[in-house]
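Have a look at the structure, then take each task in turn before reading its solution.

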Amino acid sequence: MTTVALKDVTKVFPDGTVAVDNVNLDVNDGEFMVLLGPSGCGKSTVLRMVAGLEDPTSGAILLDGELANDLPPRDRRIAMVFQDFALYPHMTVGDNIGFPLRLSGVEQGPRGERVADVASALGIGDVLARKPNQLSGGQRQRVAMGRAIVRRPGLFLMDEPLSNLDSGLRAELRAEISGLVRELGVSTIYVTHDQAEALTMADRVAILRRGVLQDVGTPTQVYGRPATLYVAAFLGSPRMNLLEASVYVHLDRYVALNFGEQALYLPWDDIRARAVAHYHGERIVVGMRAEALTPVAPGTPGDVLQGRIRYLEHHGHESLAFLDIGATAIVVDDIGGAVSEPTGGSGRFRRFGHVVQRLTGRGEPRESSTESSSNRTSVLSDPGRHHRRPAELAVRLAPYPAVSSGHPLAISVRMDALHFFDERGDRIDVGWR
Ligand SMILES: Nc1ncnc2c1ncn2[C@@H]1O[C@H](COP(=O)(O)OP(=O)(O)OP(=O)(O)O)[C@@H](O)[C@H]1O
Ligand SMILES: [Mg+2]
């Protein structure tokens, strides 16, 4: 099946919009690659360039190792499935699926067989005689998939194919689609803005932000060792806790990470201590996912932070406690649905520019991107005018715990599960994975 390589691919639209910025990406034979990122980050543009529907401004697109920039779409052996797929309303399901075969002159007999095979693989074998308006949304999406599969393409391009479906059906079809394309062995590029979808379906995930590729790796790699603060904040639920820490090195003993009144200590023999020690006297961002935090009895020694519960969120199978630990949170912008409420400070983090802003608590949902960016500019240019408020550290508790807001809570921190980022939002690391 087809392999894809993007080499330094950039797309600038005539109005000056840089939709894709110097992207390098390889999709291996039979691989299920998910392109993940928020709305407007350039996902569809990448897909359309691979399909040949859009020309790159610069860079090369290789299919099976051959330069394909000038190859017409019909010669690329590609099938595309979109969010807003259209079925032919006057044709039966069978005719809809078989349509691409009819166009390429396949006889009725073999065509019928191929259609029946594909339909039964998709679980819609019993509705072949119906018209699209007699189907459920999920069945219609399967027909669209069937029409893409039937030609036996070398590459599937899927652009948010599930986003019009309700969440139950999405989860079901998610598993079906990834199972089916793996069975067929067809290389796939699947676009979504849903991080959970990406992590569950992908062989590898490529994360885009404002046209720039942030990280590529298996779900375990990008979740476990995010290359940038942005990727760290984008993946996982609840979102990773991102706290501002000032670094103090006590040579040969430990590196202290100070969060307001409290501190955590990286022992000097910890392999990451030396890398973090470069930031002596400076601030960094420390990331801790909820799974790195465990409530412990008050007075427990070790790597423990003390906090007070601000509020609880009950999710049925678990409850989340949001703790005030007297630290400052860093919130990353551009994450779908992210909230932000800027606070003041020394200004060191001003250089995070549009990557992050200093933050306090949960804030208000963003109203519009223009508004929030003008907000952001004023905050970054004049951080002192906002008061500081503590971060809220998300911690997992058993469902419906016997604690309530205001309750003190001690949290043990798994030091090996901490993530460190510099002020530009790049991972501080001992080496690359
Ligand atoms: N024909 C065009 N002319 C100018 N700008 C465009 C054009 N098509 C897309 N853009 C811009 O390019 C950027 C990337 O668009 P794209 O459609 O690739 O985003 P996306 O990641 O698919 O977003 P979504 O998740 O909302 O579908 C956006 O800023 C968009 O406004
Ligand atoms: Mg899109």
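Predicted model: local features only at pLDDT ≥ 70, side-chain atom pairs only at ≥ 80, totals over all residues.

Residues are numbered from 1 along each chain as its sequence is written, chains are lettered from A and ligands numbered from 1 in the order in which they are written, and side-chain values use heavy atoms, with hydrogens and water left out.

**Exercise 1.** Describe how helix α2 packs against helix α4.

Step 1: find the helices. Helices (H or I, at least four residues) and strands (E, at least two) are DSSP runs, numbered from the N terminus. Helix α2 covers residues 93–103 and helix α4 covers residues 137–149.

Step 2: take the geometry. Axes are lines fitted to C-alpha atoms, for helices over the stretch in contact, and angles run from 0 to 180 degrees between N-to-C directions. The two axes come within 7 Å and cross at roughly 30 degrees.

Step 3: name the arrangement. Angles under 35 degrees count as roughly parallel, over 145 as roughly antiparallel, 65 to 115 as roughly perpendicular and the rest as oblique. Therefore α2 and α4 are roughly parallel to each other.

Step 4: list the contact (heavy atoms within 4.5 Å). From α2 come Val93, Asn96, Ile97 and Pro100, and from α4 come Val143, Gly146 and Arg147.

**Exercise 2.** Now work out how α2 and helix α3 are arranged, and which residues meet.

Step 1: α3 spans residues 108–121, and it packs with α2 at an angle of about 125 degrees, the axes being 9 Å apart.

Step 2: the two helices are therefore oblique to each other.

Step 3: Gly94, Ile97, Gly98, Leu101 and Arg102 of α2 meet Arg111, Arg114, Val115, Val118 and Ala119 of α3.

**Exercise 3.** Which residues are closest to ligand 1?

Step 1: count a residue if one of its heavy atoms lies within 4 Å of the ligand. This gives 13 residues, and the closest are Ser39, Gly40, Lys43, Ser44 and Thr45.

Step 2: look for polar contacts (pairs of N or O atoms within 3.5 Å; within protein, one must be able to donate a hydrogen and the other to accept it, and residues adjacent in sequence count only if both atoms are side-chain atoms). A side-chain N or O atom of Ser39 is 2.5 Å from an oxygen atom of ligand 1. For Gly40, a backbone N or O atom lies 2.7 Å from a ligand oxygen. For Ser44, a polar side-chain atom lies 2.7 Å from an oxygen atom of ligand 1.

**Exercise 4.** Locate the cis peptide bond and the positive phi.

Step 1: recall that most residues other than glycine have a negative phi, and most peptide bonds are trans.

Step 2: the bond from Ser237 to Pro238 is cis, with omega near 0 degrees. Pro238 sits in the loop between α8 (229–234) and β11 (241–250).

Step 3: Arg152 has a positive phi, near 55 degrees. Arg152 lies in the loop between α4 and β7 (155–159).
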